[in-house]
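Subject: Structure for your review

Dear colleague,

Please find below the structure that I am handing over to you. My findings are set out after it.

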Amino acid sequence: MGAAGAFAFTALPTASATPSASAVVAEVYGGGGNSGATLTRDFVELGNAGSAAYDLSGYSVQYLPGTPSSGSTWQVTALTGAIAPGARYLVGEGTGSGGTTALPTTDATGSIAMSATSGTIALVSGTTALTCKTAADCAADPSIVDLAGYGTAVVREGSGPATGASNTAAVARADSLADTDDNAADFTAGTPSPVNSAGQTPGSGDGGGGDGGSPTDPGTVRVHDIQGTTRLSPYAGQTVTRVPGIVTGVRSSGSLGYWIQDPTPDTDPRTSEAVFVYTGSAKPTVAVGDSVLVTGKVSEYYPSSTSQSNTEIGGPTTTVLSSGNALPDAVTLDATSVPDAYIPTASGGSIESLALQPTVYAQDFYESLEGMRVTFADARVVGASDAYGELWVTVKPDVNATARGGTLYSSYDQPNTGRIEVMSLDTTSTFPAANVGDELSGVTTGPLDYSTYGGYNVQATQLGTLVDKGLKQEVTRRQKKDELAVATYNVENLDALDTQEKFDRLAEGVAVNLNSPDIVALEEIQDDNGATNDGTVTAEGTLKRFTDAVRAAGGPAYKWRYISPTNNQDGGEPGGNIRQVFLFNPKRVSFTDHPGGDATTATSVVKTRKGVELTYSPGRIDPANAAWEDSRKPLVGEFTFQGEQVFVIANHFISKGGDQPIHGRYQPPARSSETQRAAQAAEVNTFVKSLLAADKNAKAVVLGDLNDYEFSQTVTTLTADKVLKPLITTLPAAERYTYVYDGNSQTLDHILTSPAVTSFNYDVVHINAEFADQASDHDPQIVRIDLSKCRRH
């Protein structure tokens, strides 16, 4: 099938049964990279037999399997540019693991994995996938300019398909490009002979981003070309050949591979000069300082669905030219180099297509250095070492510093641009156990990477020396005789099968660091067999072990109250059935039992002749409400201290799981979990209002792990109409945190009180979140209330 004329340069071709006197499919080869092949890549070569240039703008090359099924679809590779009269145009397609010779520079690039023996190639005036699957239907499609079926292809021109295609043979027209609209007659099998628009053949010029040429000569594409000026590589999906660089770091565990950096940078500050070479399951055989040429396929690897991507070269073939070379200079990360603004926003959500502004946004700055050597000196640790060999430092030590050496997260628009995660590529040395406030003294240097957890990070080839600054666990003062001490503590999925060490450490936190509060609201108490999903919901064994451990640590003989959840209806670890629990010291405070509360029955406030009381104590707040679906239901209890009635509401709101990260590609990030937390906050707020409507002088303490910040909509909703006061706001700003995440000291746990609680002393007791060795990832907190001084209205 052919068409005459040229688009733009000559008349737009019309489809007809007449042989083409201009653009045709000249050669087809699907064996690239296969066993026995010399070439590493499939290709389609177009030719122009006419006397005028043939414009390919808006055109495509399309491929259909030789025997298409009902589910087969045409695969499309878009074309650009034009074919000069008498010239050729080379389209590179899928690559394989075999072969030794690259194509010359391709004029267009796709990734279609063509069959070596049977298939159909169409030159199409459009980029919409064809729908025809028979020779007759395709002959009637006016968008098809030329078509070549080979092997046993059902869709072909004339008496039959071209024959003889294999892993080592292409099918090609004669040099004259003669077209009789009979594939069997027009094409002959022979050695693949790709030619590009510049007349280059394999070995005569670089190709596919650096193909061709001597095996020890660099290709034409450099790393900065691969990285480009946005977050996505303009070469994604393409094979690049003999990209030069110096190996600057080798990762021999986890995601295996190595970084190369071009020692000859361009002048564009947006384009990184380094890239990660991903070796798959094979441990890298290169060493730092090797000068290499890398051939492989460029891709964008996304660690998660909402993260930014890593630009990588995969399936690499590496040639080591020399060893022991000097490494490119590292870029210094400090308060002057890292911008104060964090990340741009995009009207469409994703920022990937935005041109980088590395002097404006910190995340753009880091992206412009992706893979490159970076360095910092004498940095303060702001996120303790974890079990995965990671810690966080700040290169802006004066920004939002906490009283104990961390960096405070005080609002959504101040995510602290100086934070950077640090890992080590040295697998022979133990990663240091650093606490917040410690220092990585001296120089830390390594390639800049990106991961799901934390975003940009330094993969250290040189790690600074840890200087212990002596951070100590806090011990709060003991409550006075007339003070009621109420505390909250998330004990991180505690169950009766945990080690005695975990019980002892958590118990010490209650007995020693919290100094034995009168009431303790515990979050994340699991059932007695933990994550074993067999219907068990009671936590008696867990609580006995815990209270025994508290007593052994010098604390009181606590009693407890809780409501057992319905199996697997409260979120958390499947089978674990986490819930809130009240511990109370019966020598100091009494619990008022109003029996009948259960997992599905709501407690409420009622007026009696004796005053206000709960219908059920312990009880739950409206457990059937959709706000609590797959989440912990608040636990409400009625207590008496020195003749004064106190209502305590223990909470554990739904987690932030599913929210988009602050360092991700979607900006601003969607905080989808906030919707349910806001609904939960509204339910608690409504309950407190009902209590105050019955008794405006009611003394209520609302506390627990709210999984949200003091500046969040969750807390705004919870405190609506000033029915509750968030006590975290009574502390100096530099002390407002209970949790450390990604190097940000932040508040997730809260204590709030009703207006009648006017005389109190509040304290966050830092014993976990800032330390490498943690009993829990949350810090407890406590309020001491002098009920005798609380005014009555």
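The notes that follow cover the nonpolar core, the salt bridges and the aromatic contacts.

Please bear in mind throughout that this is a predicted model.

Nonpolar core

The largest nonpolar core comprises 28 residues. Within this core, the members that touch the most others are Leu484, Ile519, Phe582, Phe639 and Tyr762. Several strands each supply at least two of the core residues: β25 (483-494), β26 (519-525), β28 (579-584), β33 (635-641), β34 (644-652), β35 (700-705), β40 (760-764) and β41 (781-786). As general background, nonpolar side chains in soluble globular proteins tend to be buried together.

Leaving aside residues up to four places away in sequence, Ile519 touches Leu484, Ala485, Val486, Ala487, Leu583, Phe584, Val589, Phe639 and Val648.

Salt bridges

The structure contains 25 salt bridges. In one of them, the side chains of Lys396 and Asp340 meet at 2.8 Å, N to O. Lys396 is in the loop between β20 (391-394) and β21 (419-424), while Asp340 is in the loop between β18 (331-332) and α4 (362-367), so this pair ties together parts that are 56 residues apart in sequence. Lys396 counts as buried, at 4% relative accessibility, whereas Asp340 is exposed, with a relative accessible area of 66%.

Asp593 and Arg561 also form a salt bridge through their side chains, with an N to O distance of 2.8 Å. Because Asp593 lies in the loop between β29 (590-592) and β30 (605-608) and Arg561 lies in strand β27 (residues 559-561), the pair ties together parts that are 32 residues apart in sequence. Asp593 is partly exposed, with a relative accessible area of 38%, and Arg561 is likewise counted as partly exposed, at 22%.

A further salt bridge joins the side chains of Glu674 and Arg671 (2.8 Å, N to O). Glu674 is buried, with a relative accessible area of 16%, and Arg671 is partly exposed, at 32%. Arg671 has another contact to note: this residue lies over the face of Tyr412, at 3.7 Å from the ring centre.

Salt bridges also link Asp146, Arg173, Asp179 and Asp186 in a network.

Aromatic contacts

A search of the whole structure returned 17 aromatic pairs. In one of these, the ring centres of Tyr29 and Phe43 are 5.7 Å apart and the planes stand at 45 degrees, so the pair is classed as tilted. Tyr29 belongs to strand β1 (residues 23-29) and Phe43 to strand β2 (residues 41-48); the two residues are 14 apart, and their pairing links distant parts of the chain. Both Tyr29 and Phe43 are buried.

Phe582 and Phe591 form another tilted pair, with 6.5 Å from centre to centre and 45 degrees between the planes. Phe582, already named among the core residues that touch the most other members, is buried, with a relative accessible area of 0%. Phe591 is buried as well, with a relative accessible area of 10%.

Finally, Phe365, Tyr366, Tyr450 and Tyr456 form one aromatic cluster.

With kind regards

Methods
Residues are numbered from 1 along each chain as its sequence is written. This is a predicted model: local features need pLDDT of at least 70, side-chain atom pairs count only at pLDDT 80 or more; totals for chains, interfaces and linings use all residues. Side-chain values use heavy atoms; hydrogens and water are left out. A nonpolar core is a set of buried Ala, Val, Leu, Ile, Met, Phe, Trp, Tyr and Cys residues joined through side-chain atoms within 4.5 Å. Buried means under 20% relative accessible area, exposed over 50%, partly exposed in between (1.4 Å probe, protein chains only). Helices (H or I, at least four residues) and strands (E, at least two) are DSSP runs, numbered from the N terminus. Contact means heavy atoms within 4.5 Å. A salt bridge is a side-chain nitrogen of Lys or Arg within 4 Å of a carboxyl oxygen of Asp or Glu. Rings of Phe, Tyr and Trp (its six-membered ring) pair if their centres lie within 6.5 Å; planes under 30 degrees apart count as stacked, over 60 as edge-to-face and the rest as tilted. A charge sits over a ring if NZ of Lys or CZ of Arg is within 6 Å of the ring centre and within 35 degrees of the ring normal.
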